[in-house]
Amino acid sequence: MVREQLEARGISDPAVLGAMLAVPRHLFVQEALRSQAYEDTPLPIGYGQTISQPYIVALMTQLLEVQRGMRVLEIGTGSGYQAAVLATLGCTVFTVERMRELYQNTSGLLRQMGLRGIHMQRRDGTLGMPEAAPFDRIIVTAGGPEVPRPLVEQLDEGGIMLIPVGAKPRTQRLVRVRKEQGRVSSDDLGPVVFVDLVGDHGW
């Protein structure tokens, strides 16, 4: 997976490649799909949600430019795979999942794996986690019609946020938001397809 799907497609950060190698992806998919866990494809995890393909997880992680010790807010815990990769990179991860069943399943899995530095809550992710703000990095793994204002406000000075944004569900552009000297800028990193971001500032 790392050699053929990630390195071959331009993932070059050695820390990201190491984390992708270290985290056992098959533990984050349904047992019936474990034989496909390392294939270059997203997989269903139930409740209308998916685990992103390995390349997308690696790409977004590389684009975040994380460093050990950073505080990262993740919106859309899902299977917990992205949170596990970020924690393996030495980040403190604050992750939000709105669906009760996924929250229960994933929080249990992360505890069983003994991953430290992951703080998971069930709530509306579009509102962020203001009591733990500010964050060095924010990663949103669902697509909404706009960049939620509360998330911009919770991004620290010098921070980076990655979020899929699009006028129609399941059709988005990956947007990178930066906050520098109090000014917010964004750039378009190309087309992506994510599940819907649901909440007060989503669909």
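Visitor: Why does Tyr81 count as buried?

Guide: In this predicted model, Tyr81 has 1% relative accessibility. Buried means under 20%, so Tyr81 counts as buried.

Visitor: Why does Phe28 count as buried?

Guide: The value for Phe28 is 5% relative accessibility. The limit is again under 20%, and Phe28 therefore counts as buried.

Visitor: What makes Phe28 and Tyr81 an aromatic pair, and why is the pair called edge-to-face?

Guide: The structure holds 2 aromatic pairs. In one of them, Phe28 and Tyr81 lie 5.6 Å centre to centre, with 65 degrees between the planes.

Visitor: Which charged end sits over the ring of Tyr81?

Guide: That of Arg25 does, 5.0 Å from the ring centre. Likewise, the charged end of Arg9 sits over the ring of Tyr55, 3.9 Å from its centre.

Visitor: Why are α3 and α4 called oblique to each other?

Guide: Helix α3 (residues 54-64) and α4 pack at an angle of about 45 degrees, their axes being 11 Å apart. Angles under 35 degrees count as roughly parallel, and 65 to 115 as roughly perpendicular; the angle of about 45 degrees lies between these ranges, and the two helices are therefore oblique. Their crossing is right-handed.

Visitor: Which residues of α3 and α4 meet?

Guide: From α3 come Val57, Thr61 and Leu64; they meet Tyr81, Gln82, Val85 and Leu86 in α4.

Methods. Residues numbered from 1 in each chain as written. Predicted model: local features only at pLDDT ≥ 70, side-chain atom pairs only at ≥ 80, totals over all residues. Heavy atoms only, no water. Phe/Tyr/Trp six-rings, centres within 6.5 Å; stacked < 30°, edge-to-face > 60°. Buried < 20%, exposed > 50% of the residue type's maximum accessible area, 1.4 Å probe, protein only. Lys NZ or Arg CZ within 6 Å of the ring centre and 35° of its normal. Axes fitted to C-alpha atoms, helices over the stretch in contact; angles between N-to-C directions. Helix = DSSP H or I, 4+ residues; strand = E, 2+ residues; numbered from the N terminus. Parallel < 35°, antiparallel > 145°, perpendicular 65-115°, else oblique. Left-handed = near helix turned anticlockwise from the far one by under 90°. Contact = heavy atoms within 4.5 Å.
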